[in-house]
Amino acid sequence: MTYRIFSLNVGKPKIYQLEGKDIRTGFIKKPIYKPSFLTLTGFEEDGQADLINHGGEEKALLLYPKDHYLFWNKQYNKTFSYPAFGENITIEGLTEKDVFIGDTFQLGEAKIQVSQPRQPCYKIAKTHGIKEMPAVVTETGYSGFYFRVLKEGTVKPTDELKKIKEDRNRVTSFEIFDCLFHDRKNKQRMQNYLQLTGLAANVKATLQKRIDKLG
């Protein structure tokens, strides 16, 4: 299966005035039209301001489905331009329900692997001036998903995303998101997800803490 890259996006952290406050963020990105080198922690021209909650090898690359933009445009009666959700790649035909944790893809010269769902960030609301947006992301599961980089390499805007290996456990990014935000006390489900070798360590730590609290 191959999927079209609709927009390739990068942005270094800068200070923006959002809703009357100065906020330093790398959320606001712009499309690029030339090749970019993808390292283990993301594109060379990209970056994050909050390195505790964003970035790192387990969140090296953020993809957001182009398919969801129609929903957002209708929801708020406005046109959201790519990349409105801070994504590195706006992808066509591939959503959170279509990718399994641990799936491996070829992206240009690079090789990447699905690691975890993206969790709603307040900067979505601040950037667009819509307070409820993170809550709607949580409700719908239209969150996007992260990849780790298994092999570094150059990526061109004209490249396609090609699945080269499907994880045998077949647990979707959407299912992990649902467990994190809507099925928070399902101990058996969380224990099952802890066995996923492809699931990011930070998500496993969250699940383990919840299991421990449930006793």
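Let us start with a way of sorting residues: Ala, Val, Leu, Ile, Met, Phe, Trp, Tyr, Cys and Pro count as nonpolar, Asp, Glu, Lys and Arg as charged, and the others, Gly among them, as polar. The model you are looking at is predicted, so local features need pLDDT of at least 70 and side-chain atom pairs count only at pLDDT 80 or more, while totals for chains, interfaces and linings use all residues. Residues are numbered from 1 along each chain as its sequence is written, and side-chain values use heavy atoms, with hydrogens and water left out.

A pocket here is an open set of points on a 1 Å grid over the protein atoms alone, where a 1.4 Å probe fits, with protein on both sides within 12 Å along at least five of seven lines; its lining residues have an atom within 4 Å of a point. The second largest pocket has a volume of about 160 Å³, a volume being the space filled by probe spheres set on the points, which are joined across faces, edges and corners. Its lining divides into no nonpolar, 7 polar and 4 charged residues. Among the lining residues you can find Gly102, Lys165, Glu166, Asp167 and Arg168.

Next, look for the aromatic rings. Rings of Phe, Tyr and Trp (its six-membered ring) pair if their centres lie within 6.5 Å; planes under 30 degrees apart count as stacked, over 60 as edge-to-face and the rest as tilted. The whole structure holds 14 aromatic pairs. In one of them, phenylalanine 6 and tyrosine 82 have ring centres 5.1 Å apart and planes at 75°, so this pair is edge-to-face. Phenylalanine 6 lies in strand β1 (residues 2-10) and tyrosine 82 in the loop between α1 and β8 (89-91), so the pair ties together parts that are 76 residues apart in sequence. Helices (H or I, at least four residues) and strands (E, at least two) are DSSP runs, numbered from the N terminus.

How covered are these rings? Buried means under 20% relative accessible area, exposed over 50%, and partly exposed in between (1.4 Å probe, protein chains only). Phenylalanine 6 has 29% relative accessibility, so it counts as partly exposed, and tyrosine 82 is partly exposed with a relative accessible area of 29%. Another pair joins phenylalanine 80 and phenylalanine 85: their centres are 6.2 Å apart and their planes at 35°, so the pair is tilted. Both phenylalanine 80 and phenylalanine 85 are buried. One aromatic cluster includes Phe6, Phe80, Tyr82 and Phe85.

Contact means heavy atoms within 4.5 Å. After α3 comes glycine 141, with a positive phi near 80°.

Histidine 68 sits in the loop between β7 (61-65) and α1 (69-76), and with a relative accessible area of 6% it is buried. Leaving aside residues up to four places away in sequence, histidine 68 touches Thr95, Glu96 and Tyr142. Lysine 126 lies in helix α2 and is partly exposed, at a relative accessible area of 23%. Lysine 126 and glutamine 17 are 109 residues apart in sequence, but 9.5 Å apart in space, C-alpha to C-alpha.
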